[in-house]
4 protein chains.
Amino acid sequence: MNIALTELPPEVQASVAETRERVAALHAELTRYELVVWTAGNVSERVPDSDLFVIKPSGVSYDALSAEMMVVCTLDGKKIDDGTPAHLQPSSDTAAHAYVYQHMSDVGGVVHTHSTYATAWAARGEPVPCALTMMADEFGGVIPVGPFALIGDDSIGRGIVETLQESRSPAVLMRNHGPFTIGKDARAAVKAAVMCEEVARTVHISRQLGAPDRIPQADIDRLYDRYQNVYGQRTTQ
Amino acid sequence: MNIALTELPPEVQASVAETRERVAALHAELTRYELVVWTAGNVSERVPDSDLFVIKPSGVSYDALSAEMMVVCTLDGKKIDDGTPAHLQPSSDTAAHAYVYQHMSDVGGVVHTHSTYATAWAARGEPVPCALTMMADEFGGVIPVGPFALIGDDSIGRGIVETLQESRSPAVLMRNHGPFTIGKDARAAVKAAVMCEEVARTVHISRQLGAPDRIPQADIDRLYDRYQNVYGQRTTQ
Amino acid sequence: MNIALTELPPEVQASVAETRERVAALHAELTRYELVVWTAGNVSERVPDSDLFVIKPSGVSYDALSAEMMVVCTLDGKKIDDGTPAHLQPSSDTAAHAYVYQHMSDVGGVVHTHSTYATAWAARGEPVPCALTMMADEFGGVIPVGPFALIGDDSIGRGIVETLQESRSPAVLMRNHGPFTIGKDARAAVKAAVMCEEVARTVHISRQLGAPDRIPQADIDRLYDRYQNVYGQRTTQ
Amino acid sequence: MNIALTELPPEVQASVAETRERVAALHAELTRYELVVWTAGNVSERVPDSDLFVIKPSGVSYDALSAEMMVVCTLDGKKIDDGTPAHLQPSSDTAAHAYVYQHMSDVGGVVHTHSTYATAWAARGEPVPCALTMMADEFGGVIPVGPFALIGDDSIGRGIVETLQESRSPAVLMRNHGPFTIGKDARAAVKAAVMCEEVARTVHISRQLGAPDRIPQADIDRLYDRYQNVYGQRTTQ
């Protein structure tokens, strides 16, 4: 019953290989922007034209990652027979990534970090107010907060999806936990993770000395519409 | 009607080539000092003895920049036939840079970032008070705030120019947006961007635990005059 | 009466050599995560199947460290005749490390830093409240504070051991001093030091703008139990 | 009347060459620990057995520094005929360094930075309270504040010397300006600059959420005496 990578059509195998390269390389952006420490963050990407996605193996440090070590999973989050050794298991956050791919068909990439400022807002359960033109462009308003949810079933995935479906933001701050971001592909989700931390930090710092000015909703809409039309649809950021 | 670089006088072509080298290289200072993330910041420089300027292409990451990719524009912000492929368009902030070159003839370089602490002051619409001798030297007083302005017409450029013309500062904090800085050339404008973030950060941190002492105006004037006489005129910093 | 490394059984000598390699290499994680400045932090590891441990030499900068320079001590913290030159003395914190190895038999690694945010909580004598799922996973609750203790006798070591024995946390914040962390081996203790600073920073920043939500004790227990069962016992983190 | 390096005794010339190497190399510690931006910080060292000192040239970026570019000055701060081109002038802070060498005969090295947290305390005119054992060890108590002084005469140098002579601290925070540190040689002064910023940052962050516990004076004295006896006299740190 277990799917073997070597038995899939050659074009899917090629696609998996390319996705593994992209996903492995994108983890370097998480360390470059200091969004993660130790092994606590992960990137995944849906394999085009398939029911598979590729994700970081659990517990492997960022320095040691290579394309060949990236784990291939079905959309229910189970590792296939992908050629990696048995001790390489998919990230402990795989169930949350899988839930997003199953329930948001236009999402091609998912990123999870515990980046400091985004997680600090999450620990207070407070959305980041829209006080920067960069936020209006990228997030279309506030960055919303998702519910407190324990690992172990689909409650994290469900919290992510329900919160994002009611928002224009590609980022959600899961309470007491940290941000999850989405995109049309893994690169777009990584960009959203970088921008999420950037605006969470800047608005935090601004508010330390007083209330930042919120941008009026009509101006947010104007900025967001322009930016999305120039750079493409929501998940294609 | 479109200007072609190859049809310009040889000395202008040589000048463009040198300017492209300088502008490409200076972007490394923005990442070194962590003034930018992803692709969100740009440097431009007026081509000496011409009505052209050189600016970063839109959406290209800092790692991937080379001199050949720098886009050449006329002073109304239109890309000329500069030998770069069509998908390389000038930065989305080009109109603001162009407006500055058109209206401030002594400005040879412009930089835009969303550096964290400067943008945090901008989000509250609050000028940075002059509490450091380094600020008196470099900025000649407070770093002023410019108006809230939407992208799409000349309102950002106009806000920059009007604010800077009433100040000795080579930096302006555009509300809810971020800093723009000017200089006699791109290097001076980059220095102003670095110093702007440095003093915005230091004064912010100082004020977290109480009110920093402002430097008396007469001392600011003395420091500024001395520094400008040693190191040259305003835009030659 | 002084023990000479060259007179120990060959398998112990081999074990010492491997431990020296690991301990020397792990100091690079302290600088990578900016937990230390100058020479102010140290890693040690118990040599398996022996009454020895290996620790950083005093006053040597991290750039200059090599495996051969790592000092070998008995469990009372005395340097043996280990082949290093006489001017290489064990870290001035060696007595505290030694006390831990003597009194906590399941501890195989100890780390001491003055990492900024952890030390900031220590300077107020305040434990870090458990407001992050990552804290529940790794620390099983608050990060506790140990007593104020002067260097020179066993009061630092005693303060560390007494505090850790009443807690699930592998990290203790010694008052006005800084964090000490333990693990089944040096790598686990380094991970605890990295995670200690990470959560100390995130919770600090969260609280700057309001009270972070504490995670209910039952949920902390559930998260901790799950994490420890997946990744092993307390000191095997 | 101008002294020429080539006419000095060979042993002094050799000593100058070695000092230049040390001073050039130590500037890398200022950038490594992010104590400086652009060109805004400098290290100097007294040439042993002479009335000369070596200092960074003005306006040269840290990447471009080499031993040959280090400027040699007499103790009144005048550049000698040291073989460097005329456009290399000693740092604009040279008068302050010179004043220290003239009035504190046991000082062999001086460092000046605008490091963020130390300067933030300086902008409020507030000494850093002694709340860390590391501060007691290195500074023997509070880090004191020196007077507001303008550049151009000996008032900065005088302010540094008068403040340091009344303190055990090798660092002084000059009001609205930044820290100056001293040591038995340049390396010790650089260490004091690194430690000054470290403790200024940690105590600042601690106080953001409440009052840090001050260490009782008797314990400060005990820690300081022990540390100085182990590692040598005040300026030999």
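This is a short tour of a predicted model, with stops to select in the viewer.

Residues are numbered from 1 along each chain as its sequence is written, and chains are lettered from A in the order in which they are written. Because the model is predicted, local features need pLDDT of at least 70 and side-chain atom pairs count only at pLDDT 80 or more, while totals for chains, interfaces and linings use all residues; side-chain values use heavy atoms, with hydrogens and water left out.

Begin by selecting chain A and chain C, whose contact (heavy atoms within 4.5 Å) takes 25 residues from chain A and 29 residues from chain C. Together the two chains bury about 2,500 Å², of which 61% is on carbon and sulfur atoms; buried area here is the accessible area, found with a 1.4 Å probe, that two parts lose on being put together, summed over both.

Next, select Arg175(A) and Asp213(C), which form a salt bridge with their closest N and O atoms 2.7 Å apart. The term stands for a side-chain nitrogen of Lys or Arg within 4 Å of a carboxyl oxygen of Asp or Glu, and there are two salt bridges between chain A and chain C.

Then turn to chain B, which can be laid on chain A with an RMSD of 0.0 Å by a turn of 90° and a shift of 0.0 Å along the axis, the superposition being by least squares on the C-alpha atoms of residues with pLDDT of at least 70 in both copies. The two copies are thus related as by a four-fold rotation axis. Finally, select Gln208(B), whose C-alpha is the one in chain B nearest the axis, 5.2 Å from it.
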